Amino acid sequence: MANVTDLQAKYSKLAQEYSKLRAQNQVLKKAVVDEQANSNSMKEQLKQRDQSLRKQEQEMDSLSFRNQQLAKRVELLQEELAASEATRGKRGKNKGDSPSQRVLHTQSVFDEDLQKKIEENERLHIQFYEADEQHKRQEAELRTRLAELEKDATEHQAVVDGITSKYGETIERLQSDKARLEVKAHTLERESKECRMRTDECQQQLRRCQSELNRHMKQSSSVIQEKVPFNDTKFSDYNSLNVPSHNRRHQLKSRDVAGQALSFIQDLVAALLNFHSYTEQRVHIYPRDSSIEPISPLNQKFSQYLHENAAYVRPLEDSFLQLYQSITEDTVTVLETVVKLKIFADNFSSYTHFLLRILPYQLKSLEEECEAPLCTAALTLKNQELQCDIKSVTSVFEKLQSYINLLALPSVRQDAMPQTSTSAVFTQLAACLHSLHDAIKEMSKHYNQKGNIEQELPTVTEKLCTTTECLLGSLGSLTISTGKIATFFSNNLDFFTSSGYSQRGSALALSPLQAESMLTNKKKAAAYMNAVKKVRPQSVPYKEALSNRRVLTSSTESREGLAQQVQQSLDKIGRLEQEKEHWLLEAQLGKVRLEKESQRIADLEAQLAAALGQSPSSQTAAAAAASMLAQSSEEAENELKATEKETLCTSLQVGMLCTSPSVEHAGDEESREKLIKTHYMARVGELTTQLQISDSKAVHFHSECRALAKRLTIAEKSRETLSEEVKHANQNVTRLQDELTTTKRSYEDQLSMMSDHLCSMNETLSKQREEIDTLKLGSKGNTKKNKGR
């Protein structure tokens, strides 16, 4: 509504300015019309003067013509007079005085007439001269007045053009603003209508909510009066026994903040290590190079302390990493429960003590640099400034140590620091971090100036230049890391000062016992929710169950017949499997026996050959051996027949072979058992490989299904976002189309107005040009006539 009032006020101001400009434009139009009327009246007067001038010129022409006629007549009369006098002189000699008197009389008459004509001619000449002078004077006056009027007209036209151009832009701008404001007014009216509708709906919802809340309040108050014996939040002693709820959002934010702080601490540790290492290198190079001459005992002790910097700087990163690892989603992160913060505070205190221990050596080393023979006054000044900077940095680290130790105290002893002073400690720590950044920035600037001065010295070495550049780089990274830490801490100061866990209606701090109880309650709640969220088995609908029952009751006979057929087929398959196993075993046993008999025959043949090859007298022995061989072959055949008639009972479930007692020795039984075991072990291996392949395939398919489900959810989310973007784009397109139509309409109106104005101006210009042309022609004719005269 405030925007609507502001727009209405702007619109009223623009309307007032537009009305003022319109009134000024009307006044200017009236002035232009008056000037045009004056110019028209002057043109009419000029025309009248031209007409009178033309009449006078005609009269002058007629008078000059009559004067010429009179002059010719006088000449004729003079000639006639001369001729008459000549004739009369001749006659006078002959006659007396009477004719001479007659001639004198006539001469006097002519003289009088001529005198009258001369006077009349003189009078006409005077009148003509006076008329000519008056005409010239009037013409000059009219020309000067015409020039003045033309000048005024051009000035008025320039003023009108300037005003039209100036106010035309303002009018166009005002019209465009008016159109835009009209569109905004329409949109605001529409939004106001929607807001009214929404307010009505919200009021209705508020009434409903109030009625429901009143009802719930009555119910809860009645339940509280009936069921609750006392209010435990009313008394602090009772309220301290309550366990607050677990804040997962606070834990995630704490872990995120700790992760960011860990990255900044790692950068700070790296910068401090580089700074101390390059400072140690510089002590060995300047003011004395240790490779050429031994350095002073002070610098030796200082470099020895600087060499131990890693033992004090590295634990800062390690302890803060432990602190970050201790903050998880399943823990409670407050100052009372963060035990690892005490380790970080102890390590920071040890590093601060290290800085205090090396501070006098560092100051004395700078004084030793000032006592060098090539040390200039500017370099001495910079060393003094660096001494002040080092002192300020060390003092800031001492302040940081005290504040960090204060923050670590509640984890050791709960009542060590009150809850109200925690925010003050955090704010002071943020200010101290900013002052640390400023101090290191000043130290970096002074070191940079010192390096520039040292490079101008004649005895500076390349090793010193490179070490100084590395030292400046470490100071730059230290400045950047401290600035990041200061801005990070200032940005998250509200989070640090806010308490994420507290009892209802109490501002007491959270104790470790309450934190442990909170975590146990969280685990119980999570287990309960997992138990509640178990998916129930899907039940069959009632109609489907009825149809299935009808099908089952109608097909009981066919089902029983099919069950009998299945059972018979299973029995038959079992018998066939037993026979198959039996014949496989028989074939294996036959192969073994055949191998044994063939080996036995080979042995007997070898014995026979040996016996035959001994002596010819031992043929009897060979014959005996042959008879024995035949007997043994017969016995082998009898044994094979007996073994074929044995009864074998194989069990597929146990895999043991039961045979009736035979005549063979125990070695055959052991070999048969080994064959059976190898056969079944191979079968079991094949089945296990098949089972593993099927399990791997099932796992693969399960992972693919999960990936496809994730992709489906992502695609659904992207589709929803794209649909929202399309809606917004369509709304923007409609809004732009509305604005385009309004601008088109305003531009068309402006173009029509400008075209009408241009037409009127062209008409006035054409009229003025015609009048100027007529005046030029008239003035040219007058000049030609004056030249002819």
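Helices (H or I, at least four residues) and strands (E, at least two) are DSSP runs, numbered from the N terminus. The model is predicted, so local features need pLDDT of at least 70 and side-chain atom pairs pLDDT 80 or more, while totals for chains, interfaces and linings use all residues. Residues are numbered from 1 along each chain as its sequence is written, and side-chain values use heavy atoms, without hydrogens or water.

**Whole chain**

Colour by secondary structure. You get 16 helices and two strands. Of the 789 residues, 24% count as buried (under 20% relative accessible area, 1.4 Å probe, protein chains only). Contact means heavy atoms within 4.5 Å. Of the contacts with a separation of 6 or more, 83% join residues 24 or more positions apart.

**Helix pair α5 and α7**

Select 297–307 for α5 and 340–370 for α7. Their axes come within 10 Å and cross at roughly 145 degrees. Axes are lines fitted to C-alpha atoms, for helices over the stretch in contact; angles run from 0 to 180 degrees between N-to-C directions.

Now show side chains. On α5, pick Leu298, Asn299, Lys301, Phe302, Tyr305 and Leu306. Their partners on α7 include Phe354, Arg357, Ile358 and Tyr361. By class, this contact has seven nonpolar, three polar and four charged residues. Ala, Val, Leu, Ile, Met, Phe, Trp, Tyr, Cys and Pro count as nonpolar, Asp, Glu, Lys and Arg as charged, and the others, Gly among them, as polar.

**Largest cavity**

A cavity is a set of points on a 1 Å grid over the protein atoms alone where a 1.4 Å probe fits but cannot get out; lining residues have an atom within 4 Å of a point. Points are joined across faces, edges and corners, and a volume is the space filled by probe spheres set on them. The structure holds six cavities of 30 Å³ or more.

Centre on Phe275, His276, Leu355, Gln362 and Val393. Of 16 lining residues, these are the closest to the centre of the largest cavity. Its space is about 160 Å³. α4 (248–285), α7, α8 (377–412) and α9 (422–455) each supply at least two lining residues. The lining has 12 nonpolar, four polar and no charged residues.

**Second largest cavity**

Which residues line the second largest cavity? Among them are Thr279, Arg282, Phe302, Gln362, Glu369 and Lys450. The volume is about 100 Å³. α4, α7 and α9 each give at least two lining residues, and α7 gives the largest share, four. This lining has six nonpolar, three polar and three charged residues.

Technical notes: On a 1 Å grid over the protein atoms alone, a cavity is a set of points where a 1.4 Å probe fits but cannot get out, and a pocket is an open set with protein on both sides within 12 Å along at least five of seven lines; lining residues have an atom within 4 Å of a point. Buried means under 20% relative accessible area, exposed over 50%, partly exposed in between (1.4 Å probe, protein chains only).
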